[in-house]
Amino acid sequence: MPPLLCRKAKAVLQRALLALTVGACALAWAPPASAQTGLPTLGDGSELGSSAERRLGDRIIRELYRDPDYIDDPVLEDYVQGLWQSLLAAARAHGELSAELDERFAWEVLLGRDRSVNAFALPGGYLGLHLGLVGVTSTRDELASVLAHELSHVLQRHVSRLLTAQKKQTPLLLGAMVLGALAASKNPDAAQALVVGGQALLLQNQLNFSRDMEREADRIGYGLMAPAGFAPQGFVGMFDKLQQANRLNDNGSWPYLRSHPLTTERIADMHARIPPGTAIGATAAAPATLEHALVAARARVLANPGVDSLRQWIAEPQSSGWASQPVLRRAAALYVAALGSSQLRDAAGARAAAKKLDDLVRNAPDARQSSDPATRRLLGLLHAEIELAAGAADAALQALPAGSDTGRPELLLRTRALLQARRASEGAQALQTWVANHPKDATAWQLLAAVAQAQGQTLRAVRAEAEAHAARYDYAAAADRFKAGQDLARRSGAAVDHIDASIIDTRLHAMESLLREQAAER
């Protein structure tokens, strides 16, 4: 094993391989009657079933949830989910997404705090998206084109077909192949930890989609763009970016080019699909917006660029010639300066940059940009974040809109501000309603646990912690917390909330059932 293997990647791989060795990739292919002992056999030429593919995806995604690079940023998550849900709706409406896959697959997008430009599809309807890719896009259509392409890989069962093609390999190697490719996108040395010998290297490389699959994903994804409300020219804009990057020396920051290699045929096909008379380039069809410029700027900051990079970006608005830059460039620079200053605990600098950003947007030459509700919303959320980081909970609450008809970012920020102001009870009901409607929101469950603890409702806090683990598919940890809740309920006697105690009993049985199912697959 190479000595340069980074500790973080090594730890993730060790956990993944440990899970795999105890059956994490026993994909529930039924062995024939004559082969009831030893390793399971993989079907006779048929594709991996949708249920088995989902189980494999769940096991892989559980490892990614544990990766420190996984990030649930409510603002970015909300923006990406808006694009993602539009594409899913278009796939349903146009018959690309079957009822079976729609029901059985997860359809989740996970964000990674990584500066590299990468995105990938995983078994079971999971997608990974690095913040580095979000940060280089110029329009929402470019970002949507990447999501549409990866969604098409899942819709066309490309992952399943690739895994089926490896049916002669053991389940351990199949799972290691998937996880090795993910590790390679971050650290080439980490890939070598799995790729020992020519045979394993071949397995890792075979995860890459074939040229036919890439062209098919381009075609299906392109067809989903317009029905989803995006300019199909976003594909061309993104391809132009990737082609430019392809001409540069590969320094490891564009792993998307290795797993999705550009070819002249793919580029020509995208250009050929644009109707005659339409201007080439995404910006001609769909101008860049302030909203996307701010989202991309946020992604660049949260991709963990380092203190030196943050200070360089914070100083950019003071540089000579900055005032002559386009409005979008200046707005993005001020957003970076405000958010970066807040992360460096410079509340005064963050407030000053945010104020300049407000003035710039208010006086933008394009009236549609200055009055855009989405842009105004991002500015309000930025002000609330800055005040919350500065410990000014009341100011943070004032920056957020009043009323219950707000989105997830507002809800979570408001709850954190109320916790900081020691007014947790004011946000409890709204958060409880949210998790009832969104039971897979682990971050909201964890925040609800903090709210319950602040109110002295220990049993409810333990239950919320358990639900947070369950939402991230860590059923063993969830069962442990539910058992702790049972013990607490027994000790508390008459003072316990019997509704919560009953829910805990029911949920513990559900977790134990899921754990038995996992054990049966080994």
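**Close-up views of a predicted model**

The protein averages a pLDDT of 81, and 77% of the residues score at least 70, where pLDDT is the predictor's confidence in each residue, from 0 to 100. Over residues 1-46 the pLDDT is below 50, although this stretch has 78 contacts in the model beyond near neighbours in sequence, a contact meaning heavy atoms within 4.5 Å. This is a predicted model, in which local features need pLDDT of at least 70 and side-chain atom pairs count only at pLDDT 80 or more, while totals for chains, interfaces and linings use all residues. Residues are numbered from 1 along each chain as its sequence is written, and side-chain values use heavy atoms, with hydrogens and water left out.

View 1. S3 runs antiparallel to strand S4 (residues 126-130) and is joined to S4 by four bridges, and Ala121 has Leu127 in S4 as its bridge partner.

**View 2. Helix H3 packed against helix H16**. Helix H3 (residues 74-93) and helix H16 (residues 290-302) meet at an angle of about 130°, with their axes 10 Å apart; axes are lines fitted to C-alpha atoms, for helices over the stretch in contact, and angles run from 0 to 180 degrees between N-to-C directions. That angle makes H3 oblique to H16, since angles under 35 degrees count as roughly parallel, over 145 as roughly antiparallel, 65 to 115 as roughly perpendicular and the rest as oblique. The crossing of H3 and H16 is left-handed, meaning that the near helix is turned anticlockwise from the far one by less than a right angle. Val75, Leu76 and Tyr79 in H3 meet residues of H16 that include Glu291, His292 and Val295. By class, this contact of H3 with H16 has six nonpolar, one polar and two charged residues; Ala, Val, Leu, Ile, Met, Phe, Trp, Tyr, Cys and Pro count as nonpolar, Asp, Glu, Lys and Arg as charged, and the others, Gly among them, as polar.

**View 3. Helix H17 packed against helix H18**. The axes of helix H17 (residues 307-315) and helix H18 (residues 327-343) lie 8 Å apart, at an angle of about 135°, which makes H17 oblique to H18. H17 passes H18 in a left-handed crossing. Leu310, Trp313 and Ile314 in H17 meet Val336, Ala337, Gly340, Ser341 and Gln343 in H18, and the residues of this contact divide into five nonpolar, three polar and no charged.

**View 4. Helix H27 packed against helix H28**. Helix H27 (residues 475-492) and helix H28 (residues 498-520) pack at an angle of about 150°, with their axes 9 Å apart, and are therefore roughly antiparallel to each other. The crossing of H27 and H28 is left-handed. The residues of the contact of H27 with H28 divide into 12 nonpolar, three polar and four charged.

Note on methods. Helices (H or I, at least four residues) and strands (E, at least two) are DSSP runs, numbered from the N terminus. Two strands pair if DSSP finds at least two bridges between them.
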